[in-house]
Amino acid sequence: MGKTKHSGPIPLPGKPDPSLWVSKVPFGLGKVKPKHVRDMMKTAWDNRDNLGYAARILAQGVCDGCALGVSGLRDQTLAGPHLCTTRLNVLRLNTMPAIKPEILHADIAELRKRSSAELRELGRIPYPLIRRRGESRFSRLSWDEALDRIAAKFRAVQPKQTAFYLTSRGITNESYYAGAKVARFIGTNNIDNASRICHSPSKTALKRSVGIGASSCNYKDWIGTDVLVFWGSVAANNQPVSTKYMYAAKRRGTKIIVINPYREPAMDGYWIPSIPESALFGTKLADDFYPVNIGGDIAFMHGIMKVWFEMEAEKPGSAIDHDFVAAHVNGYEALRAKVLEQSWDRLERSSGLSRARIEELAVLLARARSGVFVWSMGLTQHRFGTDNISQVANLALLRGFLGREHCGLMPIRGHSGVQGAGEMGADPFSLPGGDFDEAAERVERQWGFEIPRWQGDIVGVTLENALLPDDHERRLKLYYLSGGNFLETMPDPPFVKQCLEAVELRVHQDIILNTSTLADAREEVIVLPAMTRYEQPGGGTSTSTERMVYFSPEIRGPRIGEARAEWEIYVDLARRVRPAEAERVSFADAAAIRREIAETAPNYDGIQHLRSQGDVFQWGGAWLCEGGVCPTPDGRARLIPVDLPELRKPEGRFTVTTRRGKQFNSMVYKDTDPFNGADRYDILMASVDGAKLGLREGEAIVAYNRHGVFHGRARYVDISPGNIEVHFPEGNVLAPRSVYEPYAGIPEYNFGVVLEKAETFHAHKDTRYAERRIAELELDAE
């Protein structure tokens with residue numbers, strides 16, 4: 001861990017720079033782009049019944065949107081106010097009133113006619129609900145009745161037949177910690193969180209490469225680094241405030257490189273609403289795009305390193321930082337041998353990029369004195385996601401881009417809650433303060449009760465366990481869900497629905513209804529109303545991408561019916577399951593949880609002092625692995641040789657990945673993407689591919705494989721040929737179920753499909769034809 005402290009926010013340049021303007025036409029008139037002023041006015045209108053409360057949330061609370069860590073309207077990177085449409089879109093979840101009783105208790109068939117967006121707009125859940133098997137409506141329960149029923153079920157089944165899941169929906173560190181502790185107190189290690197399907201390979205890979213499980217650097221390190229590389233990350237779309245940091249970096253001369261199959265317009269140019277110059281004329285962000293094939297990143301990175309080793313053969317020291325490698329890194333010769341055995345022909349075919357293009361970036365990185373590598377789900381959501389991230393680490397280590405200013409490895413988080421989840425132990429592989437095996441005895445002594453030693457299941461396996469025989473020791477019979485909507489986040493939604501409905505008792509602790517809440521259960525569904533982070537008595541904390549732990553105070557305003565703080569619900573439940581030992585999981589208030597976190601998770605020593613608006617500390621210092629010293633047994637990083645994944649794609653097949661549009665995670669806010677004008681069911685593809693298929697833009701087409709069928713329309717974009725993109729979650733029907741990355745357990749969200757004109761598909765949809773075509777797809781690699 002580092003000793004250098006974060007130096008605080010810096011000012012933006014005062015004078016404009018016309019060379020960075022996207023257009024000289026004010027506000028990008030005539031261009032396809034977000035309408036920020038209109039969106040802000042809409043937010044004000046949507047919150048008109050609670051404008052004062054909404055304003056206090058924005059001014060006092062820590063953002064419950066992305067994990068950039070904006071506290072109030074300020075952060076630790078740049079001086080001046082910050083506000084983005086993602087935060088404004090989420091705002092209404094905190095200010096809307098309760099669902100009207102006549103709607104809440106309507107026939108379940110009527111509620112099921114609504115989409116998740118329509119269910120969200122109904123309002124907040126006001127009190128506990130139950131719907132027993134065969135019942136067509138939710139009935140009201142008291143808190144005592146609800147928790148007693150749940151506790152009785154926990155006592156009636158075996159711990160391995162129960163599970164917890166915590167989403168990232170504004171959940172605080174206090175709630176994650178209480179949930180993790182209560183799960184182990186009840187006796188189950190089946191506890192998981194939303195980062196499992198987002199960034200689990202990042203933590204796994206960074207642990208094995210450099211011994212850390214979080215970003216090694218800060219957003220400030222973007223500003224002034226020689227090169228800032230976004231790998232499979234569309235930060236301008238998913239973390240809009242980050243565009244302000246990109247603007248500041250550009251003003252300092254930083255080159256921004258984007259590696260992504262699709263040339264995302266948001267990364268090409270962006271109108272940043274909190275910077276007057278950019279709000280008027282836009283800002284050119286990316287200096288260059290490298291349209292890598294979906295799944296071709298490992299080959300691309302092998303190519304970069306192959307160029308470096310060839311440069312070294314001609315002139316030692318021209319590409320590799322030998323002093324850094326000798327002092328701080330193991331495995332150099334093994335990696336070098338693995339890289340040099342790769343043929344250029346295979347690297348070009350797999351990556352989709354020419355040798356000349358690969359050499360271009362390799363030379364740029366070799367000449368850079370500093371660099372920050374940022375990535376997101378474009379790298380992680382693969383069956384080889386951990387190897388993807390290890391390759392990124394290999395690049396950084398060979399250049400010495402670690403443990404110093406303007407350098408580092410950053411898995412950028414998409415939600416303010418996920419970084420703290422695993423660090424608080426809400427994970428089958430971890431406990432507060434460390435990995436499960438290394439921390440179990442220590443945490444057991446601090447908690448004062450025995451922690452089960454069997455390996456808990458990841459979320460996908462947990463769901464599948466609901467379909468095991470009734471007498472199986474891991475047959476899922478009770479699933480306790482804090483937020484989340486698996487029908488819209490997991491692959492193969494019909495299969496997920498089958499799993500959810502096979503659970504005997506399903507508990508949904510949430511602030512709103514969603515489509516998963518309405519699914520049946522074998523015995524009953526119980527719904528518990530939760531508070532938001534801004535309602536939590538005593539406030540709460542969240543951890544940003546850069547390891548900043550922020551205090552978000554309880555904010556004065558209206559309260560929803562019988563909603564309770566999430567951590568308090570867990571604790572109350574635990575007392576009812578094991579009343580004789582209730583004092584072991586009791587907390588007087590949120591501050592007491594923070595005091596215990598400081599003792600149980602050593603990195604979080606300092607959280608106990610957070611109690612007022614604006615309080616913040618950063619665990620680990622400004623840079624993890626400062627000076628190149630890593631928290632590994634020998635203090636050295638490890639270069640990891642990685643094999644190229646087998647990416648078999650028969651002639652005529654396409655590789656698909658999913659993308660986000662105007663949405664926050666699975667919560668869709670607009671049917672049309674403001675950056676490219678695409679609708680939710682548009683299939684983004686290269687025009688050259690469309691020409692081969694005889695397609696006109698806008699024509700109805702079908703993408704299908706043996707997992708599902710997706711009906712959409714062709715939309716031509718600047719994307720690497722042979723690759724197509726569909727929106728998440730609509731495209732999840734094509735994703736394979738039960739395919740998990742072997743090291744981190746992330747589901748596979750990239751898959752092969754056949755594309756056909758809709759008229760052709762429907763004309764030949766008889767059984768024999770379908771069987772023949774689907775059988776052909778068995779040749780595709782999973």
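Mentor: Terms first. On a 1 Å grid over the protein atoms alone, a cavity is a set of points where a 1.4 Å probe fits but cannot get out, and a pocket is an open set with protein on both sides within 12 Å along at least five of seven lines. Lining residues have an atom within 4 Å of a point. Grid points are joined across faces, edges and corners, and the volume is the space filled by probe spheres set on the points.
Mentor: Also, this is a predicted model: local features need pLDDT of at least 70, side-chain atom pairs need 80 or more, and totals for chains, interfaces and linings use all residues. Residues are numbered from 1 along each chain as its sequence is written, and side-chain values use heavy atoms, without hydrogens or water.

Trainee: OK. How much space lies in the second largest cavity?

Mentor: About 360 Å³. It is lined by 26 residues, and the closest to its centre are Gly232, Asn260, Met377, Gly378 and Thr658.

Trainee: Which element gives the most to that lining?

Mentor: Strand β22, with three residues.

Trainee: Where does the second largest cavity lie?

Mentor: Between domain 2 (199-412) and domain 3 (654-777), because both give residues to its lining. The domain bounds come from an automatic or database assignment.

Trainee: And how does its lining divide by class?

Mentor: Seven nonpolar, 14 polar and five charged. Ala, Val, Leu, Ile, Met, Phe, Trp, Tyr, Cys and Pro count as nonpolar, Asp, Glu, Lys and Arg as charged, and the others, Gly among them, as polar.

Trainee: How many cavities of 30 Å³ or more does a search of the whole structure find?

Mentor: Eight.

Trainee: Now the largest pocket. How much space is in it?

Mentor: About 960 Å³. Of its 44 lining residues, Lys203, Lys207, Ser430, Gly434 and Asp435 are the closest to the centre. Helix α9 gives the largest share of the lining, five residues.

Trainee: Switching to charges. How many salt bridges are there?

Mentor: The count is 50. The rule is a side-chain nitrogen of Lys or Arg within 4 Å of a carboxyl oxygen of Asp or Glu. One is Arg355 with Glu310, at 3.7 Å, N to O. That pair links distant parts of the chain, helices α18 (355-367) and α14 (297-314), 45 residues apart.

Trainee: Is Arg564 buried or partly exposed?

Mentor: Buried, at 14% relative accessibility. Buried means under 20% relative accessible area, exposed over 50%, partly exposed in between (1.4 Å probe, protein chains only). Its salt-bridge partner Glu568 sits 3.1 Å away, N to O, and is partly exposed at 31%.

Trainee: Last one. What about the chain as a whole?

Mentor: It has 29 helices and 29 strands. Of its 782 residues, 64% count as buried. The C-alpha trace spans about 75 × 65 × 55 Å along its principal axes.

Terms used: Helices (H or I, at least four residues) and strands (E, at least two) are DSSP runs, numbered from the N terminus.
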